[in-house]
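Subject: Structure handover and findings

Hello,

Here is the structure we spoke about. Please open it alongside this note; the findings follow below.

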Amino acid sequence: MGYFVLILFSAVLVFVFYRWATRKSRRRKAVLASEFPGEWRKILNDRVGFYHTLKTDEEKQRFEKLIQLFLSEKRITGIDVKIDDLTKVLVASSAIIPIFGFRDWEYQNLGEVLVFPGSIKKYKDQKSEAVTEVLGRVNPFQNDHYVTLSKPALERGFNDMADRKNVGIHEFAHMLDQADGEIDGVPEAYLPDEWVEPWRELMYRKIKSIKRGESDIDDYGATSEAEFFAVVTEYFFEKPDKLAENHPRLYALLTKIFQQNPKRRFRINFRELLNPYGKRLGRNELCPCGSGEKYKNCCLLKKQAA
């Protein structure tokens, strides 16, 4: 009798351990088997230009499943702001776009995404009195990192997929940079060893060009090596054809880092295709800039006056 109890206890223990060890894979399997919400797909169609560049249904389905997995495993918390479907999908898209070329990769050190109703912090230059707003940041905490984002800035980043500015992609580029243990502008986790030094040398050369005013790369890219990587990542995914034309060597190295060649896919006029500034946005809909006004009374007037 005692031997039977021991066998039964051992079997139960093995079963419990198996359930614990496979909980993540079982949860993921359930997520992947679930249907992608129609409202989320509408947001992708209306707001995420990258989604439109995916040529096959298979690629779009893979993007959708990665969105589902990210949202099922990562916590997004609003700080005095509501986290609606739009915010969820745009945060997840910001995270998935840079890693779409990788297989079986995840943000292991991402603890949480915090979303703020406005700028996260403001700095005032004592000499010029110019005010600088911090719209996103990656904060280390113990063994995890927290991405903080301004909700209006996040939405603006997807308003125009050709302006080379997307705070969501920018901050998740920092998370990719951090995968080798340090946010230093050299993503060694993704670059073959033989390309690390060429990347470092090119980065320093490009930063000097920015400081001399001889580059079309945003000035913020000269702030530090880490910011250079994040800024050119925005450029790479939002205006790949222009980056390839103006900085062919830089573009070539970024294709190796991200294992993507977006220039081949970007042949779409996003201004005509996407909300919020495309032709499908209704005049009486809320303006996507976050003003709270109707589109016809806000950015439509600015667009018509331009």
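Buried here means under 20% relative accessible area, exposed means over 50%, and partly exposed lies in between (1.4 Å probe, protein chains only). Helices (H or I, at least four residues) and strands (E, at least two) are DSSP runs, numbered from the N terminus. Contact means heavy atoms within 4.5 Å.

This is a predicted model, in which local features need pLDDT of at least 70, side-chain atom pairs count only at pLDDT 80 or more, and totals for chains, interfaces and linings use all residues. Residues are numbered from 1 along each chain as its sequence is written, and side-chain values use heavy atoms, with hydrogens and water left out.

**Overall**

The protein chain has 14 helices and six strands. It holds 306 residues, of which 44% count as buried. Take the contacts in the chain with a separation of 6 or more: residues 24 or more positions apart account for 60% of them. The accessible surface comes to about 16,800 Å², and carbon and sulfur atoms own 51% of that. Areas come from the Shrake-Rupley method with a 1.4 Å probe; for residues, only the protein chains shown count as cover.

**Helix α12**

Helix α12 spans residues 248-258. Its buried residues are L250, Y251, L253, L254, T255, I257 and F258. They pack against five helices: α6 (85-99), α8 (167-177), α9 (193-211), α10 (225-238) and α11 (240-246).

Q259 follows α12. This residue sits in the loop between α12 and α13 (270-273). Q259 is partly exposed, at 49% relative accessible area.

D80 is another non-glycine residue with a positive phi, about 60°. D80 lies in the loop between β1 (75-78) and α6. Its relative accessibility is 75%, so D80 counts as exposed. For background, most residues other than glycine have a negative phi.

**α9 against α10**

How do α9 and α10 pack, at what angle and how far apart are their axes? The angle is about 90°, and the axes are 11 Å apart. That makes α9 roughly perpendicular to α10. Axes are lines fitted to C-alpha atoms, for helices over the stretch in contact, and angles run from 0 to 180 degrees between N-to-C directions. Angles under 35 degrees count as roughly parallel, over 145 as roughly antiparallel, 65 to 115 as roughly perpendicular and the rest as oblique.

On the α9 side, the contact uses W199, M203, Y204, K206, I207 and I210. On the α10 side, it uses E225, F228, F229 and V232. Eight of these residues are nonpolar, none is polar and two are charged. In this scheme Ala, Val, Leu, Ile, Met, Phe, Trp, Tyr, Cys and Pro count as nonpolar, Asp, Glu, Lys and Arg as charged, and the others, Gly among them, as polar.

- M203 is buried, with a relative accessible area of 1%. Not counting residues up to four places away in sequence, M203 touches D184, G185, V186, E225 and F228. M203 and E225 are 22 residues apart in sequence, yet 7.3 Å apart in space, C-alpha to C-alpha.
- I207 is buried too, at 8% relative accessibility. Leaving aside neighbours within four places in sequence, I207 is in contact with G221, A222, S224, E225 and F228. Its C-alpha atom is 8.4 Å from that of T223, 16 residues away along the chain.

Y220 lies in the loop between α9 and α10. Y220 is partly exposed, with a relative accessible area of 43%. Beyond neighbours within four places in sequence, Y220 is in contact with H170, E227 and V231.

**Strands**

Two strands pair if DSSP finds at least two bridges between them. β2 (residues 110-116) and β6 pair in the parallel sense over six bridges. L114 has T148 in β6 as its bridge partner. β1 and β2 also run parallel, joined by four bridges. There, G78 stands opposite V115 in β2.

Is β2 enclosed or open? Six of its seven residues are buried, so β2 is largely enclosed by the rest of the structure. In β6 (residues 144-150), six of the seven residues are buried, so this strand is largely enclosed as well.

Best regards
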